[in-house]
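Good morning, and thank you for coming. Please look at the sequence and the structure as I bring them up, and follow along as I go through selected parts.

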Amino acid sequence: MKRFLVLAVLGLMVRVGSAQGVIAEDSPSRAMAVTVIKMWPTGAVLTTVHPGAWGYEEGVLLDGMAAEWHSTADGQDFKYIKTAVDKYVTDDGAITGYKADGHTLDDIEMGRAVLLVYRVTQQAKYYKAAKFLHDQLALQPRTASGAYWHKQIYPNQIWLDGAYMAEPFRAAYAVAFQEPGDFDDIAKQLLLMDEHMRDPKTGLMKHGWDESKQMPWADKTTGLSPEVWARALGWYAVALVDVLDWFPKDHPQRAKLVEALNRTMAAVVKYQDPTTGLWWQVMDKGSAPYTVMVTNPKRKEMEVNGSPVARGNYPEASASCMFIYSLAKGVRLGYLPQSDEAVARRGWEGIQKQFVTMSADGLMVLNGTVKVGGLGGTPYRSGSYEYYVGEKTGANDAKGVGAFLLAGSEIEQALTAQLGQEGASRLLVGTKDKLTVTDRPGARKTVLLDAWFNSQTRKNAAGQTELFHYKWDDDANSGFAFFGRAFQRYGVKLETETTAPTMADLSRVQIYVIASPDIPVKNPTPNYMDKASGDAIQAWVKAGGVLILMENDVTNSEFDHFNTLSERFGIHFNPVIRNKVDGDKWEMATVMIPAGTGVFERPHKAYLKEICTIRVSGPAKAVVTDQGDVLMAVAKYGKGTVFAVVDPWVYNEYVDRRNKLPVDYDGFATAIDLAGWAVRQAK
């Protein structure tokens, strides 16, 4: 009875969280994140082989918590990640317990969490730890073709696992610390796997490849291991979609990575079990039985009174979650066809039915994650079907829980992803083995963020100059990272304008955001709004563009030049300052946004600190007023629309809910509401 009750509650959670633009506060993955914090409050995961030791299993869990934080803005998730990372990273940036002489890709994986904490806090010790891991990869042994050995103890062996362990970290590091040359080799590692490890008959990929063809498990012709282990392919699929987050748009290998993702997921979709919606431990063997002859004393659970127990192939939780995540994210970001979303949803329903229960103390339990899968070693692992189905599964295994959180974070966003892709279509040209992916012009809507009129810079921990302050890739308090994620929930592409806008630039985007134009005290060489830029923006709006203007207060932002643009649409920003806040008296900057404004579908409690005001005329109309002052306005102009607000209030500090601001201020939900409105206006 308890199991049926759990499933009914989870089904309700999915429905409640699926309303357009609503954060899924009560989704299954939200419940799992709460469970993780209660089960392992310090980040010392008890289901790993070495509890409390640096390793990839905890890293995968933290990746899941990060994805959940990014989709819900629950600040407890980030605090948990930082607490876990701080167990290992010392004040001088060393990593406690790291064994450098092992040269194992597995120990690189947790660098992703270290990098995230650096990007948010900007503290140098996390940079030092990340740099150490980056430098470790320069010492990693390689095969003759240039592929990383998986570990020092596995010479000339490439495992699909390594794609996830190393490449997303490398890609994030390359962006954070301006190492663009790394992307050539990141692509090389992933594409070598695509070239050599894919089975031409099934389109699936084998777990391992011994380039030297010396290992007993390796085929003497291809060097490949015998079977398709689901989680190995899951590692590869997740690595591809996560690397693409960081990969330069103009890199010559980017399209090949998208092609590899399409090949991989087309095969994954083909092998989804039609009954459960899940994927099998050995992917292409279905429900084939096998009698496991137990010779390893560690597997005594496979014996009854000393006799072998018949056990067949089984659906596996962690791999199924990885495929759900890769499919849903690939659809949301425009890499995969829209039809793959239904496949992901069917898989997510299967996860709830097959693997999720509740413990007696009210915590969520994810069953069905295989504990380990490998090749060679001692005791010897043959890579055979019999070996894989003989490996035991466990409950709340960190790898499975992390994959569950990843999958849930994407399912939470899936229903809105198509809004930014209305009319989208993609050309998939070629055979199963040679696929070319072409985005048709206009297939996905694009939001362009100004980095010209606000072009402030800072030095990062490596001493490099970088743009910051209201920027998509700024995860610190000052950034627009969560505002960007609000747009990405709708399948919208993010781009940044680092030069004065022209009609050519604007013609390829549907939404344009300008926030807090610079003054000399913020930027010694500010770029002011000029007539040529204003003319281009005005013409673009008239043709159907959606312009979002975000001013600031008079001590932080420029008004005279900026008003030459806004006044074209009947909007004048008054160079004043109001809503100053005394300490933590949050109510001094509270602005209540009612439902049904024509912009915001739902009511919100907003925090707008130190702001200006607006005077409207002509086509402009007030949207939100407070104490007689207009704080937000909209103007219809030609085929386009202009939204104006007196502060860039949806920046991370007041949105990501990891700071002091009380959680009843729903900044991220407000950002999602505003982004959804802008996407719906866009032509």
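Helix α3 is mostly covered, with 16 of its 17 residues buried; buried means under 20% relative accessible area, exposed over 50%, and partly exposed in between, with a 1.4 Å probe and protein chains only. Helices here are DSSP runs of H or I with at least four residues, strands are runs of E with at least two, and both are numbered from the N terminus. This is a predicted model, in which local features need pLDDT of at least 70 and side-chain atom pairs count only at pLDDT 80 or more, while totals for chains, interfaces and linings use all residues. Residues are numbered from 1 along each chain as its sequence is written, and side-chain values use heavy atoms, with hydrogens and water left out.

Helix α3 covers residues 56-72, and its end C-alpha atoms are 24 Å apart, which agrees with the 24 Å that 17 residues should span at 1.5 Å a residue. The expected span is 1.5 Å times one less than the number of residues. Just after α3, Ala 73 takes a positive phi of about 55°.

The second largest pocket also involves α3, which supplies the largest share of its lining, three residues. A pocket is found on a 1 Å grid over the protein atoms alone, as an open set of points where a 1.4 Å probe fits, with protein on both sides within 12 Å along at least five of seven lines; lining residues have an atom within 4 Å of a point. In total, 48 residues line this pocket, and Val 49, His 50, Glu 57, Lys 151 and Val 372 lie nearest its centre. The elements giving two or more residues to the lining are α3, α7 and α9.

Let us turn to α8, residues 182-196. This helix has 15 residues and reaches 22 Å from its first C-alpha to its last, close to the expected 21 Å. Is α8 mostly covered or mostly open? It is mostly covered, since eleven of its 15 residues are buried. Among them are Phe 183, Ile 186 and Leu 190. The buried residues of α8 pack against several elements, including α6, α7 and α10.

Finally, consider Tyr 271, in the loop between α10 and β3. Its C-alpha atom is separated by 6.8 Å from that of Met 283, twelve residues apart along the chain. Leaving aside neighbours within four places in sequence, Tyr 271 is in contact (heavy atoms within 4.5 Å) with residues including Thr 202, Trp 279 and Met 283.
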